[in-house]
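The following note concerns the disulfides, the strand pairing and the confidence of the model under review. Please read the points alongside the structure.

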Amino acid sequence: MFKQTVGSCLLIGLLVFSACKKTEIDREMQSAQDLHLAETVCNQIIAIALAEAHAEPLVNNRTDSTDSNRLAVDCASKGLFGQVANFPGGTVTLSLDYNGVACADIDNKARQGNLSLVFTNNYWSNRNASFVASPSGYFDETVMVNGNFNFRHVGTDTFEVTLEFGKITGSGFSFAYTFSKQVYWTQGSDTDANLTDDVFVMEGSFEGTNRNGRSFTGAIETPIVWETVCGYSKIGEVTIVPSALAARKVIYRTNCMNTATLNLHGEDSALSLK
């Protein structure tokens with residue numbers, strides 16, 4: 001009888017302790033915040049690099065100069081370097097130089113530094129051609145972007161883009177970010193001298209480590225719609241899974257604004273660029 005009483009008391013004690021133990025609520029937002037920032041600065045690099053590569057006559061085996069007015073609509077000065085006379089034999093670099101002082105770009109954001117597009121042994125207009133875009137001292141507003149953006153031309157206005165060794169650095173923080181995307185140029189590819197009508201649709205997956213050291217993975221569930229003149233994701237839905245935590249969604253349904261919606265446990269919260 002005594003043993004049964006002790007056993008019952010222990011069981012009741014465990015149940016009471018379990019009931020009173022505080023349940024930790026997952027409110028982690030930093031991974032989604034960092035993803036939102038990384039997507040914003042990297043997607044614009046994708047859009048600008050594709051437009052500039054498409055518009056440069058030399059790397060597309062054209063003799064026209066349809067990109068002659070492009071400098072009027074973005075603030076980077078351009079230059080071709082390398083084996084220009086022999087291309088497509090050898091390597092040519094298309095340099096987009098935003099100079100040392102920030103200038104207002106097509107989306108009214110301040111940019112500075114350099115973005116170099118390197119083409120090797122093939123015209124970009126050919127299917128399966130590729131180039132690498134590398135930022136150097138490149139700032140989008142106050143955020144510096146590093147990494148190798150690898151582009152491959154897989155079909156008409158269709159591209160594969162991957163980011164290797166991606167690093168996003170701001171005031172007092174930095175984090176790692178890589179992705180693999182399928183990019184569709186849905187509007188504006190026929191107007192080389194005008195970036196303002198360019199629209200891209202993006203799908204793919206990503207991974208990274210946020211500024212607090214937590215890793216995350218995820219994928220674009222509803223394709224992202226990106227307008228170069230806007231500079232923010234306008235439509236789309238992304239699922240992100242921080243390490244050891246539940247999946248959550250970042251939802252874009254804005255009209256050219258720097259905000260997104262985080263859906264966590266069925267509740268919506270606002271995300272903005274920080």
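1. Cys230 and Cys256 form a disulfide with an S to S distance of 2.4 Å, a disulfide being a pair of cysteine sulfur atoms within 2.5 Å. The bond joins distant parts of the chain, 26 residues apart: Cys230 lies in the loop between strand 10 (215–227) and strand 11 (233–242), and Cys256 in the loop between strand 12 (248–253) and strand 13 (259–264). Helices (H or I, at least four residues) and strands (E, at least two) are DSSP runs, numbered from the N terminus.

2. The S-S torsion of Cys230 and Cys256 is about 120°, so this disulfide is right-handed. Cys230 is buried at 3% relative accessible area, whereas Cys256, at 33%, is partly exposed. Buried means under 20% relative accessible area, exposed over 50%, and partly exposed in between (1.4 Å probe, protein chains only).

3. A disulfide also joins Cys75 to Cys103, with S to S 2.0 Å. Its torsion is about 60°, so it is right-handed. Both Cys75 and Cys103 are buried.

4. Strand 4 (residues 110–120) runs antiparallel to strand 2 (residues 91–97), with 7 bridges; 8 bridges join strand 4 to strand 5 (residues 130–140), also antiparallel. Strands pair if DSSP finds at least two bridges between them.

5. The model is predicted: local features need pLDDT of at least 70, side-chain atom pairs count only at pLDDT 80 or more, and totals for chains, interfaces and linings use all residues. Residues are numbered from 1 along each chain as its sequence is written, and side-chain values use heavy atoms, leaving out hydrogens and water. The average pLDDT (the predictor's confidence in each residue, from 0 to 100) is 88.
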